[in-house]
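Hi,

Here is the structure, with sequence. My notes follow below it.

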Amino acid sequence: MLHPMRTPRAVLSAVLVVLSLAGCGGDRPAPRIWAADVCEALSPWRDEIDTLSSGTQQQMTAKTTPAQAKENLVRLLGGAEQASETARSQVEQAGVPDVDEGPAVVDGFVGSLAGVRDAYGKAKRTIEGLDTDSAFYDGVGVAVETLNKEYDASALDTSKLDSPELARAFDEVPECR
């Protein structure tokens with residue numbers, strides 16, 4: 001049986017009904033919810049990075065053997081690498097915020113955390129590859145200097161993520177304080 005030809009208005013109405021029932025566009029989290037999820041993801045990550053920073057300084061000045069320092073630094077860097085990946089994954093799972101340029105915001109956060117993760121991973125592998133001879137601490141210094149440069153290079157460029165709604169949400173939600 002052939003169906004009679006439908007008018008464009010009827011087709012448009014049907015499409016709009018289907019889209020509204022499917023929740024098209026409605027599954028994006030509100031700015032406050034997204035900001036809270038992101039801050040919850042980043043809080044343990046910041047703690048891990050703080051631990052790494054103080055632990056690295058201690059290892060560089062402690063009275064340990066190069067082999068002990070190497071083991072501890074590799075563990076610390078591995079923890080920071082894993083914490084960065086966990087934060088990246090959780091930010092990605094938070095979805096795309098319901099704001100203009102939402103996809104670009106998520107891409108910026110996720111890309112920045114991936115860059116940080118990769119910088120820690122590279123530093124960890126570099127230190128793993130060092131001999132524990134008299135040049136060990138010089139090699140660690142170079143690895144940490146490279147880490148700092150790569151970490152800085154992966155920083156989120158917030159000038160491209162201008163969302164007043166998200167800025168307000170990050171200022172207001174308790175998870176971000």
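Cys39 has 5% relative accessibility, so Cys39 counts as buried (under 20% relative accessible area; exposed is over 50%, partly exposed in between; 1.4 Å probe, protein chains only). Cys176 is partly exposed, with a relative accessible area of 23%.

A caution before the rest. This is a predicted model: local features need pLDDT of at least 70, side-chain atom pairs count only at pLDDT 80 or more, and totals for chains, interfaces and linings use all residues. Residues are numbered from 1 along each chain as its sequence is written, and side-chain values use heavy atoms, with hydrogens and water left out.

Cys39 and Cys176 form a disulfide, with their sulfur atoms 1.9 Å apart (the cut-off is a pair of cysteine sulfur atoms within 2.5 Å). The count comes to one disulfide. The torsion about its S-S bond is about 100°, so the disulfide is right-handed. Cys39 lies in helix α2 and Cys176 in the segment after α6 (164-172), so the pair ties together parts 137 residues apart in sequence. Helices are DSSP runs of H or I, at least four residues, numbered from the N terminus.

Of its 34 residues, Trp34, Leu42, Trp45, Val91, Tyr120 and Ile127 touch the most other members. Helices α2 (31-61), α3 (66-93), α4 (102-128) and α5 (136-153) each supply at least two residues. The most come from α4, with 10 residues.

Best wishes

Terms used
Core = buried A, V, L, I, M, F, W, Y, C linked by side-chain atoms within 4.5 Å.
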